[in-house]
Amino acid sequence: MERLRGVLQSAQRWPPGPSQTIYRRVEGPHLGPLEEEEEGVAELPALSCSMELKGPEALGSGLGRSAPIPWAAVGRKSAPYVVLTSLLVFTGAFLLGYVAFRGSCQACGDSVVVVSEDAELGLDSRQGRLYWSDLQAMFLRFLGEARLEDTIRLTSLRERVAGSARMATLVQDILSTLSRQKLDHVWTDTHYVGLQFPDPAHPNTLHWADAAGSAQEQLPLEDPEVYCPYSATGSATGRLLYAHYGRPEDLQGLKSKGVEPAGSLLLVRVGGTSFAQKVAVAQDFGARGVLIYPDPADFSQDPHKPGLSSHQAVYGHVHLGTGDPYTPGFPSFNQTQFPPVESSGLPGIPAQPISADIAGRLLRKLEGPEAPQEWQGHLSGSPYRLGPGPALRLVVSNRRASTPISNIFACIEGFEEPDHYVVIGAQRDAWGPGAAKSAVGTAILLELVQAFSSMVSNGFRPRRSLLFVSWDGGDFGSVGSMEWLEGYLSVLHLKAVVYVNLDHSVLGDGKFQAKTSPLLISLIENILKQVDSPNHSGQTLYEQVVFTNASWDAEVIRTLPMDSSAYSFTAFAGVPAVEFSFTEEDRAYPFLNTKEDTYDNLRRLLRGRLPALAQAVAQLAGLLLMRLSHDLLLPLDFGRYGDVVLGHLAHLHEFSGALKARGLTLQWVYSARGDYIRAAEKLRKEIYSSEQSDERLMRMYNVRIMRVEFYFLSQYVSPADSPFRHIFLGQGDHTLGALLDHLRMLRADGAGPGPGFQEGRFRRQLALLTWTLQGAANALSGDVWNIDNNF
């Protein structure tokens, strides 16, 4: 104050200043030039401002000045107060206007970030600024459709069983290819895992059996190399039953018709669920063994398309989980450091694939009730029956072997957030030729590496790091990817932004699907509008799918299945993931997991359109990578989970009456959902009202956004006991699905396996679900002093 008082007192002694030039805009319908007007303004001394403003003076005006007039002296004395008052008024008005303007941006829309054609995405010192349209054009220029088909063909011709000598050669060839690209890091990660293989000296067998269980006539298993990895070994004898796809509802259907699954061998069809789920359900219902066959009814009946040979069986592992089942919860860098332990997902009964020919012989021997119409297939000359049939004896002699597998990594470091990774991967190994299984994904992965490497050489500067991975051991249940996740679980949720999976990307040409986390749905919709349809000229992929169904997400979006490596990223590590697939319109790809999954069969099935379909997947994945690696704010729709919870609550609400009669309520879950919705909306408003040039603030928002998926991993269960902790996607009593299954027992008649409804178990399940959801709401709110729970 003393300083300010001195300034004001000295201001009374200032001489009159020269005239200053003031610019004002002329009002009117047309913006005219700025006009000048002269106004007397007191000149401020250096003490009050370090910048001195001087206006134009007439030449020699400093040599002589007119004498001051009396009333002007009064004005000069009050001038400093007028100036200070004006500055205060101006500053207050400016701040008020700024806040009002920023607040109005909250109504600009729901998306966090929209990259327009003019959005600046990179800088090249030679070519100038790069914009989104520039990057799209550059990416398409470097993406080679011809190279894709050549790589698919050549990869499918190479033997690449996990752990084999020829796989080791392929690893070196890929490393050599990557070393020629502009990449910051290339390395391999080796794990020693327990895999199961057929024993050539003791092949698996299937016999008719007599009443005492002794083996009689042998039924030929036409290819002894086709087996179910991780099947229980030993023998199983029982009467044969037909159980459709082996789903829980199918086994319940058998019981409702008076056919008891316990003590029997089940004959089930490929499809509907995974091999592992079929065997687990059969075991739950007391069956002694499972035979799995491909029914022609489940594949295309188009005579112009190739079909699976009736002598061909289908390969598939039966571990209800992912990764090495002999080191559950721990990475298999060196098995010797862990005590002997097995995954709870390993089955306790044997399982074996058989061909359609052998299945037809078995079906013709069945008696008992006729199977429902929807269970009928295309094998037997007469209607399928449920059984029982004659007794069978199944012997499985698979052997376990400690096997080295190698994942291959290539990295382009980000320029602003190198510690945040966008991961894209594909399975490399295959039990057979694996053209659709893994050759297509491997080819797309290598093509994307080359394209992005060339883009970086031409000015693309990704904000976040791009991590390209070729996984090993995928045919045994995503072993390579799961072991890597287990090895780096403590840091991946802090660093991995999204995982993009390229497996199973071309299994047909009839329709397009995206199996994904809800966080990516809005971004996928945006990308689909920018990729041309490979099926309909002049249309985008988005236009193709909405032509069939106006609700595009109902047509396209699916949940992540356990047999995808993307599942482990989301359900185990809490990283949002997506897997793109072109599939047949209403039937499965017939050659998957067989020795007939060749390049020629895939090409014939697609009528020569394999390159166009693979190119479309590469474009989808590439555009997704560009958005995720370089948008200032991560384009993840964190509010979408509020809609997901609301959809599940509708199912829970069906049981509110029955619960109320028992003095129970679901109100806690409703309250937690409300808190999550409010936290998401609050974060959205914070982002819209923030200054995007503040890098530190934007990074803080990104960290909160990228961890949303992780928030839905239950913190109240052990990863070693329940590895898939995700409350919506995971497996275990802590999940919403388990809670719903338990609630259905309120209406059940006791036909299912296990005990009925248990109030104590229900309360625990409700607490686990509620507090995980509440924790997600709290974490999304940010700092603890910002949390506003109405719980």
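The structure is a predicted model, in which local features need pLDDT of at least 70, side-chain atom pairs count only at pLDDT 80 or more, and totals for chains, interfaces and linings use all residues. Residues are numbered from 1 along each chain as its sequence is written, and side-chain values use heavy atoms, with hydrogens and water left out.

## Strands and sheets

Helices (H or I, at least four residues) and strands (E, at least two) are DSSP runs numbered from the N terminus, and two strands are said to pair if DSSP finds at least two bridges between them. Strands of a sheet pair through backbone hydrogen bonds, either parallel or antiparallel.

Seven strands make up an open sheet with mixed pairing, and their order is β7-β6-β12-β8-β9-β10-β11. Its edge strands, each of which pairs on one side only, are β7 (215–219) and β11 (351–353). On average, neighbouring strands of this sheet are turned by 35° against each other, direction ignored; the axes behind this angle are lines fitted to C-alpha atoms, for helices over the stretch in contact, and angles run from 0 to 180 degrees between N-to-C directions.

Within this order, β9 (residues 265–269) pairs with β10 (residues 289–293) in the parallel sense, over five bridges. The bridge partner of L266 in β10 is V290.

A further parallel pair is formed by β14 and β15 (residues 464–471), which are joined by eight bridges, with V422 standing opposite L466 in β15. Burial is judged by relative accessible area: buried means under 20%, exposed over 50%, and partly exposed in between (1.4 Å probe, protein chains only). Strand β14 (residues 417–427) is largely enclosed by the rest of the structure, because eight of its eleven residues are buried.

## Salt bridges

A salt bridge is counted where a side-chain nitrogen of Lys or Arg lies within 4 Å of a carboxyl oxygen of Asp or Glu. A search of the whole structure finds 32 salt bridges, and the table gives some of them.

| Pair | N to O distance |
|---|---|
| K255 and E260 | 3.3 Å |
| R627 and D631 | 2.7 Å |
| R761 and D733 | 2.8 Å |

The surroundings of these pairs can be described through their accessibility. K255 is partly exposed, with a relative accessible area of 30%, and E260 also counts as partly exposed, at 42%. R627 and D631, in turn, are both buried.

R761 is partly exposed at a relative accessible area of 28%, and D733 is partly exposed at 29%. Elsewhere, salt bridges that share partners join E417, D419, R463, R464, E695 and R699 into one network.

## Backbone positions

Most residues other than glycine have a negative phi, and most peptide bonds are trans. Against this background, a cis peptide bond joins G387 and P388, with omega at about 10°. P388 lies in the loop between α8 (356–363) and β12 (391–396).

Although H244 is not a glycine, this residue has a positive phi of about 55°. H244 is found in the loop between β8 (234–242) and α6 (248–256), and at 4% relative accessibility H244 counts as buried. N593, likewise not a glycine, has a positive phi of about 60° and is found in the loop between β19 (577–583) and α16 (599–605).

## Surface patch and cysteines

Patches are made of residues with over 30% relative accessible area and no salt bridge, where like charges are joined within 9 Å and nonpolar side chains (Val, Leu, Ile, Met, Phe, Trp, Tyr) within 5 Å. Accessible areas come from the Shrake-Rupley method with a 1.4 Å probe, and for residues only the protein chains shown count as cover. F333, Y488 and V491 form a nonpolar patch on the surface, with about 220 Å² of accessible area together. V491 has its place in helix α11 (residues 489–495) and counts as partly exposed at 33% relative accessibility.

A disulfide is defined here as a pair of cysteine sulfur atoms within 2.5 Å, and by this rule the count comes to zero. C228 counts as buried at 0% relative accessibility, and C411 counts as buried at 8%.
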